[in-house]
Amino acid sequence: MYDPVLGIGGMLHSMLPLSKIDEEKARQQPAMFVDTGLTAMLTDFFQQGSARNRLVVKIAGCSQLLDEKGVFRIGERNNAVTRKILWKNNILIAGEDVGGTLSRTVTLNLATGVTTIRSSGKEYQI
(Lines give C-alpha, C1' and ligand atoms only; values in the text may rest on other atoms or scores of the structure.)
Protein backbone atom coordinates (compact mmCIF):
# COMPACT_ATOMS: atom_id res chain seq x y z
CA MET A 1 0.00 0.00 0.00
CA TYR A 2 1.36 3.40 -0.97
CA ASP A 3 0.19 6.98 -0.65
CA PRO A 4 1.97 9.00 -3.37
CA VAL A 5 1.05 12.36 -1.82
CA LEU A 6 2.36 11.60 1.67
CA GLY A 7 5.14 9.33 0.42
CA ILE A 8 4.25 6.63 2.91
CA GLY A 9 3.87 2.94 2.27
CA GLY A 10 3.63 -0.39 3.95
CA MET A 11 3.50 -4.08 3.29
CA LEU A 12 1.59 -6.79 5.08
CA HIS A 13 2.62 -10.45 5.10
CA SER A 14 -0.23 -12.41 6.66
CA MET A 15 -0.33 -16.13 7.28
CA LEU A 16 -4.05 -16.73 7.76
CA PRO A 17 -7.24 -15.05 6.55
CA LEU A 18 -9.40 -14.69 9.66
CA SER A 19 -8.49 -13.92 13.26
CA LYS A 20 -11.52 -15.65 14.74
CA ILE A 21 -9.54 -18.91 14.97
CA ASP A 22 -7.32 -17.37 17.69
CA GLU A 23 -8.49 -13.97 18.94
CA GLU A 24 -5.78 -13.77 21.61
CA LYS A 25 -3.05 -14.34 19.00
CA ALA A 26 -4.71 -11.69 16.82
CA ARG A 27 -4.50 -9.17 19.68
CA GLN A 28 -0.82 -9.98 20.16
CA GLN A 29 0.10 -10.16 16.45
CA PRO A 30 -2.62 -8.57 14.30
CA ALA A 31 -0.53 -8.82 11.11
CA MET A 32 -0.62 -12.61 11.34
CA PHE A 33 -4.21 -12.46 10.03
CA VAL A 34 -5.47 -10.63 6.96
CA ASP A 35 -8.60 -9.24 8.63
CA THR A 36 -6.87 -7.69 11.63
CA GLY A 37 -3.59 -6.84 9.89
CA LEU A 38 -5.11 -5.08 6.89
CA THR A 39 -7.60 -3.24 9.09
CA ALA A 40 -4.77 -2.02 11.34
CA MET A 41 -2.73 -0.95 8.33
CA LEU A 42 -5.63 0.99 6.82
CA THR A 43 -6.31 2.65 10.18
CA ASP A 44 -2.66 3.69 10.43
CA PHE A 45 -2.69 5.16 6.90
CA PHE A 46 -5.90 7.09 7.58
CA GLN A 47 -4.54 8.43 10.89
CA GLN A 48 -1.53 9.76 8.98
CA GLY A 49 -3.84 11.61 6.57
CA SER A 50 -4.19 9.22 3.64
CA ALA A 51 -7.32 9.39 1.51
CA ARG A 52 -8.94 6.24 0.14
CA ASN A 53 -9.01 7.54 -3.42
CA ARG A 54 -5.28 8.03 -3.67
CA LEU A 55 -4.07 4.81 -2.05
CA VAL A 56 -2.21 2.58 -4.48
CA VAL A 57 -2.78 -1.00 -3.38
CA LYS A 58 -1.08 -3.98 -4.95
CA ILE A 59 -1.46 -7.60 -3.94
CA ALA A 60 1.13 -10.35 -4.30
CA GLY A 61 1.35 -13.86 -2.98
CA CYS A 62 -1.67 -15.91 -1.97
CA SER A 63 0.04 -18.98 -3.39
CA GLN A 64 -0.32 -22.61 -2.37
CA LEU A 65 3.26 -23.23 -1.27
CA LEU A 66 2.57 -26.06 1.16
CA ASP A 67 -0.85 -27.01 -0.17
CA GLU A 68 -0.36 -27.98 -3.81
CA LYS A 69 -3.44 -30.23 -3.72
CA GLY A 70 -5.61 -27.31 -2.59
CA VAL A 71 -6.83 -28.92 0.61
CA PHE A 72 -6.67 -25.82 2.83
CA ARG A 73 -6.75 -23.10 0.14
CA ILE A 74 -5.20 -20.57 2.54
CA GLY A 75 -3.76 -18.40 -0.23
CA GLU A 76 -7.11 -18.28 -2.01
CA ARG A 77 -8.88 -17.42 1.25
CA ASN A 78 -6.29 -14.72 2.10
CA ASN A 79 -6.93 -13.16 -1.32
CA ALA A 80 -10.71 -13.27 -0.84
CA VAL A 81 -10.56 -11.61 2.58
CA THR A 82 -8.15 -8.95 1.30
CA ARG A 83 -10.44 -8.11 -1.61
CA LYS A 84 -13.50 -7.98 0.64
CA ILE A 85 -11.88 -5.55 3.10
CA LEU A 86 -10.62 -3.31 0.30
CA TRP A 87 -14.02 -3.40 -1.45
CA LYS A 88 -15.81 -2.47 1.79
CA ASN A 89 -13.42 0.48 2.14
CA ASN A 90 -13.96 1.56 -1.48
CA ILE A 91 -10.30 1.00 -2.33
CA LEU A 92 -9.32 -0.29 -5.77
CA ILE A 93 -6.51 -2.74 -6.48
CA ALA A 94 -3.91 -1.19 -8.81
CA GLY A 95 -1.96 -4.37 -9.56
CA GLU A 96 -1.57 -7.96 -8.53
CA ASP A 97 0.38 -11.16 -8.87
CA VAL A 98 -1.44 -13.84 -6.90
CA GLY A 99 -1.99 -17.57 -6.77
CA GLY A 100 0.04 -20.40 -8.17
CA THR A 101 2.61 -22.44 -6.28
CA LEU A 102 5.70 -20.20 -6.45
CA SER A 103 7.13 -18.05 -3.68
CA ARG A 104 7.65 -14.35 -4.26
CA THR A 105 9.87 -11.65 -2.80
CA VAL A 106 8.20 -8.24 -2.89
CA THR A 107 9.80 -4.81 -2.51
CA LEU A 108 8.19 -1.39 -2.38
CA ASN A 109 10.30 1.66 -3.22
CA LEU A 110 8.96 4.44 -0.99
CA ALA A 111 10.59 7.15 -3.10
CA THR A 112 8.79 6.08 -6.28
CA GLY A 113 5.95 3.76 -5.23
CA VAL A 114 7.25 1.06 -7.58
CA THR A 115 6.43 -2.48 -6.47
CA THR A 116 8.86 -5.14 -7.67
CA ILE A 117 8.49 -8.90 -7.49
CA ARG A 118 11.24 -11.51 -7.71
CA SER A 119 10.16 -15.09 -8.35
CA SER A 120 11.79 -18.07 -10.05
CA GLY A 121 14.81 -16.05 -11.13
CA LYS A 122 12.73 -13.29 -12.74
CA GLU A 123 12.14 -9.72 -11.63
CA TYR A 124 9.17 -7.60 -12.71
CA GLN A 125 6.95 -4.75 -11.58
CA ILE A 126 3.26 -4.83 -10.82
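The largest pocket in this predicted model has a volume of about 1100 Å³. A pocket here is found on a 1 Å grid over the protein atoms alone, as an open set of points where a 1.4 Å probe fits, with protein on both sides within 12 Å along at least five of seven lines. Lining residues have an atom within 4 Å of a point. Grid points are joined across faces, edges and corners, and the volume is the space filled by probe spheres set on the points.

There are 39 lining residues, and those closest to the pocket centre are His13, Ser14, Ala60, Gly61 and Cys62. Two or more lining residues come from each of α2 (34–47), β3 (57–61), α3 (74–88) and β5 (105–108). These element names are DSSP runs numbered from the N terminus, with helices as H or I of at least four residues and strands as E of at least two. By class, the lining splits into 22 nonpolar, 13 polar and four charged residues. Nonpolar means Ala, Val, Leu, Ile, Met, Phe, Trp, Tyr, Cys and Pro; charged means Asp, Glu, Lys and Arg; the others, Gly among them, are polar.

Two sentences on conventions. Residues are numbered from 1 along each chain as its sequence is written, and side-chain values use heavy atoms, without hydrogens or water. Because the model is predicted, local features need pLDDT of at least 70 and side-chain atom pairs count only at pLDDT 80 or more, while totals for chains, interfaces and linings use all residues.

Next, the core. In soluble globular proteins, nonpolar side chains tend to be buried together. Here the largest nonpolar core has 15 residues, and Met1, Leu42 and Leu55 have the most contacts inside it. Such a core is a set of buried Ala, Val, Leu, Ile, Met, Phe, Trp, Tyr and Cys residues joined through side-chain atoms within 4.5 Å. Buried is under 20% relative accessible area, exposed is over 50%, and partly exposed is in between, with a 1.4 Å probe and protein chains only. The elements giving two or more residues to this core are α2, β3 and α3, and α2 gives the most, with five.

What does Met1 touch, not counting residues up to four places away in sequence? The list includes Ile8, Leu38, Leu42, Leu55 and Leu108. Contact means heavy atoms within 4.5 Å.

Asn78, in helix α3, is buried at 8% relative accessible area. Leaving aside neighbours within four places in sequence, Asn78 contacts Ser14, Met15, Leu16, Pro17, Val34 and Cys62.

Met11 sits in the loop between β2 (8–9) and α1 (23–28) and counts as exposed at 51%. With neighbours within four places set aside, the contacts of Met11 are Met41, Val106, Thr107 and Leu108. Met11 and Lys58 are 47 residues apart in sequence, with 9.4 Å from C-alpha to C-alpha.

Is Ser119 buried or exposed? Ser119 has 10% relative accessibility, so it counts as buried. Ser119 belongs to strand β6 (residues 115–119), and its side chain reaches the backbone oxygen of Ser103 at 2.8 Å.

Last, backbone angles. Ser120, in the loop between β6 and β7 (122–125), is not a glycine but has a positive phi of about 50 degrees. Asn90 also has a positive phi, near 60 degrees, and lies in the loop between α3 and β4 (93–98). Ser120 is exposed at 54%, and Asn90 is exposed at 64%.

How values were computed
A polar contact is a pair of N or O atoms within 3.5 Å; within protein, one must be able to donate a hydrogen and the other to accept it, and residues adjacent in sequence count only if both atoms are side-chain atoms.
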